[in-house]
Amino acid sequence: MPDTASDSLPLWLKLAFTAWIVAWAPTFWVLLGPQNYFWLCNLANFLILVGLWRESRLLLSMQWLAVALVGTLWALDVGTAALIGWHPIGGTEYMFDGEEPLLTRLLSLYHLILPAVAGLSVWRLGYEPRALAWQTGLTWLVIPASFLFTDPSRNVNWTRGPFGSEPQALVDPLLYLVALMGLWPLLLFLPVHLLMRALQRRGLLR
């Protein structure tokens, strides 16, 4: 919980994000099915909602790690593709696929919303250093679950191969999965965590 009332999260943010979840969650269920919620960025929607209402510094810090760099890379890939038709990273080709429902593509813009909401929350409440360990643990649960319980063709959390729907064939699938579990927090969470810790040491962030 925040130390003072001035550190609390604004009610309008909680209500606006709740309205977003009420609209987004059932729509994605209908369009893509419940297995879509296994995506870590989709799971972040629900965890941020809980974190907002509980004003949980730990939970919001965890989701800041989950979405900050992912959202930035997603925006970079979509923006570059929109401007020059090239995907420098990959994974957002569906945003330009006319066979994908327009509503699905529009709702995917939440990749821009989540970093803003989680970032504002962490700025107000402060960053919890334990978030790196907790979010890594959560990721190590979700990635194997994605591998076991989702349609392989959906490649949820890229458990079958990088970005596309085709499974990778370079290494054993289980070896790839273990490597993915190691690289995900190392490449996506740790840089953000180190930045937050640097800001805290300089007194720029609680």
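Modeller: Happy to. A charge sits over a ring if NZ of Lys or CZ of Arg is within 6 Å of the ring centre and within 35 degrees of the ring normal. Arg-160 meets that rule, lying over the face of Phe-147 at 4.0 Å from the ring centre. A word on ground rules: the model is predicted, so local features need pLDDT of at least 70 and side-chain atom pairs count only at pLDDT 80 or more, while totals for chains, interfaces and linings use all residues. Residues are numbered from 1 along each chain as its sequence is written, and side-chain values use heavy atoms, with hydrogens and water left out.

Now to the rings themselves. There are 11 aromatic pairs in the structure, a pair being two rings of Phe, Tyr or Trp (its six-membered ring) with centres within 6.5 Å, called stacked when the planes are under 30 degrees apart, edge-to-face when over 60 and tilted otherwise. Trp-20 and Tyr-110 are tilted, because their planes stand at 40°, with the ring centres 6.5 Å apart. Trp-20 belongs to helix H1 (residues 11–32) and Tyr-110 to helix H5 (residues 110–125), so this pair ties together parts that are 90 residues apart in sequence. Helices here are DSSP runs (H or I, at least four residues), numbered from the N terminus. Both partners, Trp-20 and Tyr-110, are buried, on a scale where buried is under 20% relative accessible area, exposed is over 50% and partly exposed falls in between (1.4 Å probe, protein chains only).

A second pair sits within H1. Trp-24 and Phe-28 are four residues apart there, about one turn of the helix. Their ring centres are 5.2 Å apart and their planes make 45°, so this pair is tilted too. Trp-24 and Phe-28 are likewise both buried. These two pairs belong to one aromatic cluster, made up of Trp-20, Trp-24, Phe-28, Trp-29, Tyr-37, Phe-46 and Tyr-110.

A cavity is a set of points on a 1 Å grid over the protein atoms alone where a 1.4 Å probe fits but cannot get out, a pocket is an open set with protein on both sides within 12 Å along at least five of seven lines, and lining residues have an atom within 4 Å of a point. Points are joined across faces, edges and corners, and a volume is the space filled by probe spheres set on them. The model has one cavity of 30 Å³ or more, and the largest cavity has a volume of about 30 Å³. Tyr-110 lines it together with Cys-41, Val-67, Val-70, Gly-71, His-111 and Leu-114. H3 and H5 each give at least two residues to this lining.

The largest pocket has a volume of about 1200 Å³. It is lined by 42 residues, and the closest to its centre are Trp-39, Gly-91, Asn-155, Trp-158 and Phe-163. The elements that contribute two or more residues are H1, helix H2 (40–54), helix H3 (57–84), H5 and helix H7 (173–201). H7 gives the most, with eight residues.

Trp-158 takes us to the loop between H6 and H7. This tryptophan is partly exposed, because its relative accessible area is 24%, and its phi is positive, about 60°, although it is not a glycine. Asn-157 is in the loop between helix H6 (131–149) and H7, and its phi is near 55°, again a positive value in a residue other than glycine. Asn-157 is buried, with a relative accessible area of 0%. Leaving aside residues up to four places away in sequence, Asn-157 touches Phe-38, Trp-39, Leu-40, Val-142, Ser-146, Leu-180 and Trp-184, contact meaning heavy atoms within 4.5 Å.

The loop between H6 and H7 also holds Gly-161. Gly-161 counts as buried, at 0% relative accessibility. Beyond residues up to four places away in sequence, Gly-161 touches Asn-155, Glu-166, Gln-168 and Tyr-176. Its C-alpha atom is separated by 32 Å from that of Val-22, 139 residues away along the chain.
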